[in-house]
Amino acid sequence: MKSKNLIFSLCFLIPLFIFQACGQNTKKQTAKTAVMENKISKPGNPYYSNTDTTKLNVSNAEWKKVLPADVYAVMREADTERPFTGKYWNTDEKGTYYCASCGNLLFRSTAKFSSTCGWPSFFEQENKKSIVFKEDNSLGMERTETLCGRCGGHLGHIFDDGPEPTGKRYCMNSIALDFIPDTK
């Protein structure tokens, strides 16, 4: 009787070990590391990066050398493009918005909304460090200026008349933004 139980047990356990051994993968899995590269190329601008979040401390004289004149006027001198003239004020394409000076991630298109102000409007920045704020009392108005959190470039202003969930309206200059559409 003991020998029957032993034979029965072996007949059951041996195939179990064989199946278990066959299910093991002897190949080593190599970890794939994704190297993030710039999505936009600006060869004349050594400070531009869609991946580097290191805060920049670059003089306006240096920015003047690397930025186009119209971008420099808005981003370094706080100029404003005319309403309804920028390339992003009336677009609803899905993608990501970056700082035109340094490439810092600013907004996702999911936070963009249709506004009648004539500039691209967003209700939420991509992360807490992407945009910083500064009191702006120019032109006899009390406003809050929005600046790129990486390079300090002028982006536009923020107002408290936006949609839910934040109630904010980030009113941006199109020329201060670069856009990369989502891939399909």
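User: Which cysteine sulfur is closest to the sulfur of Cys-171?

Analyst: This is a predicted model, in which local features need pLDDT of at least 70, side-chain atom pairs count only at pLDDT 80 or more, and totals for chains, interfaces and linings use all residues. Residues are numbered from 1 along each chain as its sequence is written, and side-chain values use heavy atoms, with hydrogens and water left out. A disulfide is defined as a pair of cysteine sulfur atoms within 2.5 Å. The closest cysteine sulfur to that of Cys-171 lies 3.7 Å away, too far for a bond, and belongs to Cys-117.

User: How many disulfides does the rule give?

Analyst: A disulfide is a covalent bond between the sulfur atoms of two cysteines. The sulfur of Cys-102 has its closest cysteine sulfur in Cys-148, but at 3.5 Å this is too far for a bond. By the distance rule, the count of disulfides is zero.

User: Is Cys-102 buried or exposed?

Analyst: Buried means under 20% relative accessible area, exposed means over 50%, and partly exposed lies in between (1.4 Å probe, protein chains only). Cys-102 has a relative accessible area of 0%, so the residue is buried.

User: Which elements do the buried residues of helix 3 pack against?

Analyst: Helices (H or I, at least four residues) and strands (E, at least two) are DSSP runs, numbered from the N terminus. Helix 3 covers residues 69–77, and its buried residues include Tyr-72 and Met-75. With contact taken as heavy atoms within 4.5 Å, these buried residues pack against helix 2 (60–66), strand 1 (95–99) and strand 7 (154–159).

User: Which residues of the largest nonpolar core touch the most other members?

Analyst: A nonpolar core is a set of buried Ala, Val, Leu, Ile, Met, Phe, Trp, Tyr and Cys residues joined through side-chain atoms within 4.5 Å. Among the 28 residues of the largest such core, the members touching the most others are Trp-63, Met-75, Phe-107 and Leu-155.

User: Which element gives the most to this core?

Analyst: Several elements supply at least two residues each, including helix 2, strand 1 and strand 9 (177–181). The element that gives the most, with four residues, is helix 3.

User: Which strands stand at the edges of the six-strand sheet?

Analyst: Two strands pair if DSSP finds at least two bridges between them. The open sheet is antiparallel, with its six strands in the order 3-4-8-7-6-5. Each edge strand has a single partner, so one side is left without a neighbour in the sheet; these are strand 3 (112–113) and strand 5 (131–136).
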